[in-house]
Amino acid sequence: MSLRITDVMVRTATFSAGTWLDESRISTPMSPYPAFAERRSSWRGPGSDLVWLYLGTDDPEVFGIGQTRGGTAVEAVVDHLVTLLPRTGTGPAAAAEQLRRAAEPYAAGGGAAMAVSAVELALWDLQARSLGAPLHRLLGGRSGPLPYYVTAPHPDTLAEVDADLLAGARYVKVPMAYGPADGPAHLRDNLDRLAEVRRLVPGHIPLAVDCFMSWDVPYVLRFAAEAAGLGLGWVEEPLARDDLAGHAELRARLGPVGVAAGEHAFGLTEGLALLEGRCVDVLQSDVTWCGGLGVARTLGEVAVRRGVTFAPHNAAMHPWALHLLSALGPNVLAEVLVGAGAPAVVPTVTDVPGAGTDKRAAGFG
């Protein structure tokens, strides 16, 4: 990049307040605590807020936009990292490596990876815009629709999903309301929810369940055994993020049911550990959390080579992820989230310059 960065703006914005993501009963790592079991809004708070980054240049038509989560805590890290950012002449990969090294001594981990993601994504967007090219061209991809799966909060919501969108989905996923912390009786409630989804979704489309790191190995095995005949395709984030042995055990014992994880794997090392440990059938790196597009690209390439489906978390709401998916071949999926404030449509990569993030939509214009 020969342009000079002349303007930096960072802002936070509410991500999912008032939606099912915050107000529905979903099994979570906080489920063992009754005060926080009924809804995520009781504990996620501002830590879930979006963090947007705008990098302006001396050409008013060329800018870059990045995004992450983590609210004001991560916003503070982004504010610091951008002061270390070379103002000219450094591409996304080199800049991201420099920022990771700067964060390593005092802030390595999730918050730092998220902050680096925002900066690195903004630099990719800026670089593509400076070339007048769509981001997918820099990555070796192409425009057009992408394979996808649909995530719905509850069976009732499926009645509101466009019939063509549902028919084209490779999977349909629902969150589970209960886990081991709620006692064995509620296992039947989870199975009933899955059975209700099965009645509403064409039989050729497999189903998936999101457990948000709140189940254990015996619970998963029992659930999968009792769900036989319902077309269960994968169990998502069944265990704590660092329980590699448990994930590998599940993958070995679940038979035709796959294991999905990686949404909360921060950094290249954590993502590769899931692949090298044979822990997953579906890798769900989040490009806005894992350290940016470069980390996600490496993980996606390794996953595809190993026959693991690469399905980035929340990809239909992350244009950078869609451009990446277009460059990785057929064994990829974009997640289309229903009822979370964004239109539920077939994810499509376009040929507009950059990643396609609108400055006004991001709150900078």
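This is a predicted model: local features need pLDDT of at least 70, side-chain atom pairs count only at pLDDT 80 or more; totals for chains, interfaces and linings use all residues.
1. The largest pocket holds about 740 Å³ of space. Its lining consists of 35 residues, and A316, M317, H318, P319 and A342 are the ones that lie nearest the centre. Six elements are named as giving two or more residues to this lining: the strands β1 (5–13), β2 (50–57), β3 (63–69), β12 (334–337) and β13 (348–349), together with the helix α13 (319–325). Of the elements, α13 gives the most, with four residues.

2. By residue class, the lining of the largest pocket divides into 22 nonpolar, ten polar and three charged residues.

3. The second largest pocket has a volume of about 550 Å³. It is lined by 30 residues, and those that lie nearest its centre are R40, R44, R69, E263 and W289. Two or more residues of this lining come from each of α1 (20–23), β6 (172–175) and β12. The lining of the second largest pocket divides into 14 nonpolar, seven polar and nine charged residues. Strand β12 also gives two or more residues to the lining of the largest pocket.

4. Strand β6 deserves a separate look.

5. Which strands pair with β6? Strand β5 (residues 148–151) runs parallel to β6 and is joined to it by two bridges. Strand β7 (residues 207–210) also runs parallel to β6, with four bridges between them. K173 has a bridge partner in each neighbour: T151 pairs with K173, and K173 pairs with A208 in β7. From β6 the chain crosses through helix α8 (residues 187–200) to β7, and this β-α-β crossover is right-handed.

6. The model has six aromatic pairs. In one of them, the ring centres of Y149 and W234 are 5.0 Å apart and the ring planes stand at 85°, so this pair is edge-to-face. Y149 belongs to strand β5 and W234 to strand β8 (residues 232–236), so that the pair links distant parts of the chain, 85 residues apart. Y149 and W234 are both buried. Elsewhere, one aromatic cluster is formed by Y54, F63 and F364.

7. Two residues have backbone angles that a reader may want to check. Most residues other than glycine have a negative phi. M213, in contrast, has a positive phi, near 60°. M213 is found in the loop between β7 and α9 (217–226). Is M213 buried or exposed? Its relative accessibility is 17%, so M213 counts as buried.

8. The other residue is E237, whose phi is also positive, near 45°. E237 has its place in the loop between β8 and α10 (244–253). With a relative accessibility of 3%, E237 counts as buried.

Conventions: Residues are numbered from 1 along each chain as its sequence is written. Side-chain values use heavy atoms; hydrogens and water are left out. On a 1 Å grid over the protein atoms alone, a cavity is a set of points where a 1.4 Å probe fits but cannot get out, and a pocket is an open set with protein on both sides within 12 Å along at least five of seven lines; lining residues have an atom within 4 Å of a point. Grid points are joined across faces, edges and corners, and a volume is the space filled by probe spheres set on the points. Ala, Val, Leu, Ile, Met, Phe, Trp, Tyr, Cys and Pro count as nonpolar, Asp, Glu, Lys and Arg as charged, and the others, Gly among them, as polar. Two strands pair if DSSP finds at least two bridges between them. A crossover is right-handed if, with the strands pointing away from the viewer, the path from the first strand over the helix to the second runs clockwise. Rings of Phe, Tyr and Trp (its six-membered ring) pair if their centres lie within 6.5 Å; planes under 30 degrees apart count as stacked, over 60 as edge-to-face and the rest as tilted. Buried means under 20% relative accessible area, exposed over 50%, partly exposed in between (1.4 Å probe, protein chains only).
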